[in-house]
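Here is a briefing on one protein chain. Look over the sequence and the model first, then read the points below.

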Amino acid sequence: MTISNNQRRKMRSAARLYAVQALFQMESSGQTVDAVIVEFEDHRFGAVYDEAEMNEGDIDTFRKLMERAVDDQAAIDQATDRALVAKWPLGRIDPTLRALFRAAGAEMQEKSTPPKVIITEFVDIAGAFFPEGKEPRFVNAVLDHMAHEIMPEKF
């Protein structure tokens with residue numbers, strides 16, 4: 001079966017969303033990265049909940065984001081801290097946003113996806129989690145700062 005470019009893009013978008021959810025779950029439950037990856041691949045990818053089918057995620061993208069987010073967490077968190085206002089260190093922000101910044105930072109560390117794509121994708125995810133709030137604009141500003149620091153050669 002051949003997968004269209006549009007379908008592949010949707011699968012990568014779903015993998016990014018799943019990575020944010022999985023990183024949040026790791027932080028809140030103390031599970032290991034391996035345990036969370038297995039759970040998501042076995043129970044979330046393509047699952048049906050209350051008549052809503054979850055998108056099939058790109059497993060390679062999901063695994064890369066998860067492993068890079070864990071392996072490079074200190075560097076990603078430091079880049080995020082530098083992008084945040086001094087009064088709001090990473091530890092004080094919403095755990096969902098923390099997970100989002102870690103997943104986005106992991107993708108930036110790969111340096112293969114254009115920064116504009118990463119920022120747009122994760123701003124959209126922020127909008128899904130915080131549809132009424134200012135968080136998407138906040139995420140845009142933080143990720144733009146992080147991208148300039150982590151991927152200066154792309155600007």
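**Helices, aromatic pairs and core**

The 25 residues of H1 should span 36 Å at 1.5 Å a residue, and its end C-alpha atoms are 35 Å apart, which agrees. The expected span is 1.5 Å times one less than the number of residues. Helices here are DSSP runs (H or I, at least four residues), numbered from the N terminus. This is a predicted model: local features need pLDDT of at least 70, side-chain atom pairs count only at pLDDT 80 or more, and totals for chains, interfaces and linings use all residues. Residues are numbered from 1 along each chain as its sequence is written, and side-chain values use heavy atoms, with hydrogens and water left out.

**Helix H1**

- The buried residues of H1 (under 20% relative accessible area; exposed is over 50%, partly exposed in between; 1.4 Å probe, protein chains only) include Met-11, Arg-16, Tyr-18, Val-20, Leu-23, Gln-25 and Met-26.
- H2, H3, H5 and H6 are among the elements that cover the buried residues of H1; contact means heavy atoms within 4.5 Å.
- Gly-30 follows H1, and its phi is positive, near 80 degrees.

**Aromatic pairs**

- A search of the whole structure finds three aromatic pairs.
- Tyr-18 and Phe-40 are edge-to-face, because their ring centres are 6.3 Å apart and their planes meet at 65 degrees.
- The cut-offs are these: rings of Phe, Tyr and Trp (its six-membered ring) pair if their centres lie within 6.5 Å; planes under 30 degrees apart are stacked, over 60 edge-to-face, the rest tilted.
- Tyr-18 in H1 (residues 5–29) and Phe-40 in H2 (residues 33–43) are 22 residues apart, so this pair links distant parts of the chain.
- Tyr-18 is buried at 2% relative accessibility, and Phe-40 is buried at 0%.
- Phe-101 and Phe-138 also pair edge-to-face, at 6.0 Å centre to centre with 70 degrees between the planes.
- This pair too links distant parts of the chain: Phe-101 sits in H5 (residues 95–110) and Phe-138 in H7 (residues 135–150), 37 residues apart.
- Phe-101 is buried at 0%, whereas Phe-138 is partly exposed at 28%.
- One aromatic cluster is formed by Tyr-18, Phe-40 and Phe-62.

**Helix H7**

- H7 has 16 residues and reaches 22 Å from its first C-alpha to its last, close to the 22 Å expected at 1.5 Å a residue.
- Its buried residues are Pro-136, Val-139, Val-142, Leu-143, Met-146, Ala-147 and Ile-150.
- Seen down the axis of H7, these fall within an arc of 140 degrees, so they line one face of the helix. The arc is that of the directions from the helix axis to the C-beta atoms.
- They pack against H4 (73–83), H5 and H6 (115–129).

**Nonpolar core**

- A nonpolar core is a set of buried Ala, Val, Leu, Ile, Met, Phe, Trp, Tyr and Cys residues joined through side-chain atoms within 4.5 Å.
- The largest has 45 residues, of which Phe-62, Met-66, Leu-100, Phe-122 and Leu-143 touch the most other members.
- H1, H2, H3 (59–71), H4, H5, H6 and H7 each give two or more residues to this core.
- Beyond neighbours within four places in sequence, Leu-100 is in contact with Val-20, Phe-122, Ile-125, Ala-126, Val-139 and Leu-143.

**Arg-102**

- Arg-102 lies in H5 and counts as buried at 12% relative accessibility.
- A polar contact of 2.8 Å joins its side chain to that of Asp-77. Such a contact is a pair of N or O atoms within 3.5 Å; within protein, one must be able to donate a hydrogen and the other to accept it, and residues adjacent in sequence count only if both atoms are side-chain atoms.
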